[in-house]
Every structure is written in structure tokens, then in C-alpha cells.
Amino acid sequence: MKIGVVGGLGHIGLIQAVCLAKIGYKTIAYDIDKMKIEGILKGKMPFYEEGLAELIMETINKNLLKFTSNIKDLKRADIIFICVGTPSFPNGEADLSQVYSAVEQVAENRDSHCIVVIKSTVSVGTCRKLTDNLKNKGLSERITIVSNPEFLKEGSGIKDFWNPTRIIVGSEIEQIGKEVSKLYQPQGVPVLLTSWENAEMIKLVSNAFLATKISFINEISFLSEKAGADIRIISKGIGLDPRINPHFLEAGVGFSGPCLEKDLKSLIYQFQKKQEKASILESVLQVNERQRQRIIEKLEEQLGTLKGKKIGVLGMAFKENTDDVRRSHSLEIVKNIIAQGGIVTVTDPCVKKPEDGGISKEELSNVEWVESPLEAAKGKDAILILTAWEEYKKLDIDKVKEAMINPLIIDGRNLFEVEDMKAKNIHYIGVGI
């Protein structure tokens, strides 16, 4: 079977393409950006993902994977996955223009029928509208649309592909839905065959629910601080209840990145479009925004004015094991400190300079980028820990203290024990502890 992946150089598309090739399918990854393709073929990955470069080279050498910027090369593919971006408009609505364009391009360059699988995260009702659009253009005989939302996490995307928790397929034709699910269904993994609308909503609601758990525990963390409790113990205690489970119950600086916030805002917009109020979802967003501000407030409580104060920031990526800074909480916090006249030095294991995280130099023009946490700590009035990188958990705290002019650490990820820091005469402030 021949498989095509459109938008094959994004996080989802590239992993989808290379893993399908690894299974043994002849796979073509399409993207309009020729320079990105050239970079990949030279071993330069467009994002950080452990083991990705090696897997790409392996499947290319076995003649199972190839890249193209010519849409006509997908002409003979039996199944084509659409993995293009769906960024948000300011009002939260998902911009689906790339999805519509990709589907139309595929249809216009076909002379035989194929299955088009939508992996991109889309608004509820999109697959039906795509099908109606193809009918209006006289192209519906060439394509059958299937919804197959992705559930890959950045930093563990390849592992998640091989070990999915479930496979969701929305199709109007049961047999075609089964055909798609069997492409990469590991033994024992549940498959849910359902409608387009159900599949589309499952993806959005999954992310909205995870965001809700994070905001819930973060709101409780505020009371925990006031009451003298420890949010980590509280999280452990409630997480032992199997109805709740411990996942996404770690209090901290809040959620960020390219998915949770975007999907949450998309759902809120879809409620508004139906003249309904998404009270819980709106509160989840408000709590999250407030949590970022609390980090700044903790800093102000200790230093007073931030003007002229030197602050070291550990972690720019929105989570560990990725180089993605899109919608990162760190980015917003750093901008806030700079706006108040603070002097900021940042470090991150994967984001060594602005371009690594897709940030323009102008966006953070007054920020110094350094290689290590010790460099970031040198001569600082305070340190903020904003990403839970494993190497930060293993920091030589004595050396960090020695490098600072004021031993103040505000930890947005609760990586250390309060008593241990107190014993070292470090003023340590976590979240909910």
C-alpha cells in the first residue's frame, strides 16, 4: 500500500510518515518548503524528537520513505494523511484554511479514488463541511474523508505512535474506517469507530479535560499555600483514587504550548457560536493565566520592584524534552519581567538561541542566552525554574547559590524539597508548598 502525508514536516506529519514507513508502507512526505526537505535529508530536524533523525535515515535507506514538494507525487497514494497546522485566530476560532487547501489540492491532482485522513485538530463539523465543499466543486468522487485525530505528545511522539492508548476513527463508511484503523493498530489497543463529529470532538475534549485537571490542581495550590499544606502530598492522595488518577495533577506554572490552550479556546469559541456559555472552560483558561501572574507576584514580593533586578530563567520550552517555545509560559513571563525593567538571562537544554525556539531576535532583543544553569545564575538576584528538565533536578545547588548574589529560587515546577533548600540557606519558593 502506498501512503502519502501532506504537511509532512510538522511534528505530527513527520512522525506519522516515518513510523508508517518503519512499519513497511511506501510513504511519501509532502511539504511545499523545499529548504526544510533539504535540511531533513542532511540530518537537520525541524524540531527535537529523540530518535527521529536515525529513523528517517533508516527508512530512506530502505526505500520506504521519500520526501517531495510536488503534490503530483501523491497521485498514486491509496491513503493520504492531512497533517497541516490549524492555528488560532484571536477569537479562538481555528484557522482551517490549510486543511481546506490541502484537501482540495489532493483532489485536484487525482485521477482515481483515495482515502483522505484528517489528522489535524479541527473544529467539530469540519469533515462534513470538507465533503460538502468537494461535492460543490465536483471532486467528491475522488476522495473519501476520514477523521483520525492524533494523540502524540511532543518529546515522546515516536513512543506514543507505537504505544497509543486508543485509536479514534470517524467515518461515514464503516469498512473504510476499519481499513484506516488497521494501518497501525497494535495488538490490544482499543479502537473506537464513530462519526466524524464524535471523532473531532473527542480530540478537543481530551485536551480540554487535561487542561481542566491542571487548572484545578493549580487553583487548589493557592489555598494550599495559604493553609500551610503541601500540594504535592494532596495530589498524591487524590491521585490514588482510580477514578481520578495521578496524571496531570502536578501543580506548577500552568499549561502552555501549541495544543492545550489552543484547543481549549477553540471549544470556547464553538460554544459561543452556538450561543452557549462554556463556564467551566472559561474558568480553566482564567486560572491558567492567573497562575503565570502568580510567578511574577512571588518574584515581586521578594524583590520589590523588578526594575534593574537581574533574573535567571531556567527553561524556555513549554515542557521538557522538546524545543517548542510556541505559546510557552516562559516566553510570557520573560516578557513581563522585561516590561517591568528586569534584566533577564535564559537557558534551556534544547533552545540555545531564539531561532532554536522559533523566536525572532527582536521579540526578546534584551535577553541574554547562555549555555548552562550556572551561567544563568551568575550574579543574579533570583532564579526562576519554569521547565522540568531532568538536568535541572540534578543541579549542584551549592554551586548555583555560590554564583548568585541573592540566593532566591522561585520554582514553578516544584523540583526540590523546601527543607533541603532551607538547610542550604536558600530562600526557596515553590507552588502550593
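User: What classes of residue make up the lining of the second largest pocket?

Analyst: The lining of the second largest pocket holds 11 nonpolar, four polar and four charged residues, where Ala, Val, Leu, Ile, Met, Phe, Trp, Tyr, Cys and Pro count as nonpolar, Asp, Glu, Lys and Arg as charged, and the others, Gly among them, as polar. This is a predicted model, in which local features need pLDDT of at least 70 and side-chain atom pairs count only at pLDDT 80 or more, while totals for chains, interfaces and linings use all residues. Residues are numbered from 1 along each chain as its sequence is written, and side-chain values use heavy atoms, with hydrogens and water left out.

User: How much space lies in the second largest pocket, and which residues are the closest to its centre?

Analyst: The second largest pocket has about 480 Å³ of space, a volume being the space filled by probe spheres set on grid points that are joined across faces, edges and corners. Its lining has 19 residues, of which Ser 123, Val 124, Gln 270, Phe 271 and Lys 274 are the closest to the centre. A pocket is an open set of points on a 1 Å grid over the protein atoms alone, where a 1.4 Å probe fits, with protein on both sides within 12 Å along at least five of seven lines, and lining residues have an atom within 4 Å of a point.

User: Why is α1 called oblique to α3?

Analyst: The axes of helix α1 (residues 11–23) and helix α3 (residues 52–61) cross at roughly 50° and come within 9 Å. Angles under 35 degrees count as roughly parallel, over 145 as roughly antiparallel, 65 to 115 as roughly perpendicular and the rest as oblique, so α1 is oblique to α3.

User: Which residues of α1 and α3 meet?

Analyst: Leu 14, Ile 15, Val 18, Cys 19, Ala 21 and Lys 22 of α1 meet Leu 52, Leu 55, Ile 56, Glu 58 and Thr 59 of α3, contact meaning heavy atoms within 4.5 Å. These residues divide into eight nonpolar, one polar and two charged.

User: What makes α11 and α12 oblique to each other?

Analyst: Helix α11 (residues 279–303) and helix α12 (residues 329–339) pack at an angle of about 40°, their axes being 10 Å apart, and they are therefore oblique to each other. By class, their contact has five nonpolar, three polar and two charged residues.

User: Why is α8 called oblique to α9?

Analyst: Between α8 and helix α9 (residues 231–239) the angle is about 135°, with the axes 10 Å apart, which makes α8 oblique to α9. Their contact has five nonpolar, three polar and no charged residues.

Notes
Axes are lines fitted to C-alpha atoms, for helices over the stretch in contact, and angles run from 0 to 180 degrees between N-to-C directions. Helices (H or I, at least four residues) and strands (E, at least two) are DSSP runs, numbered from the N terminus.
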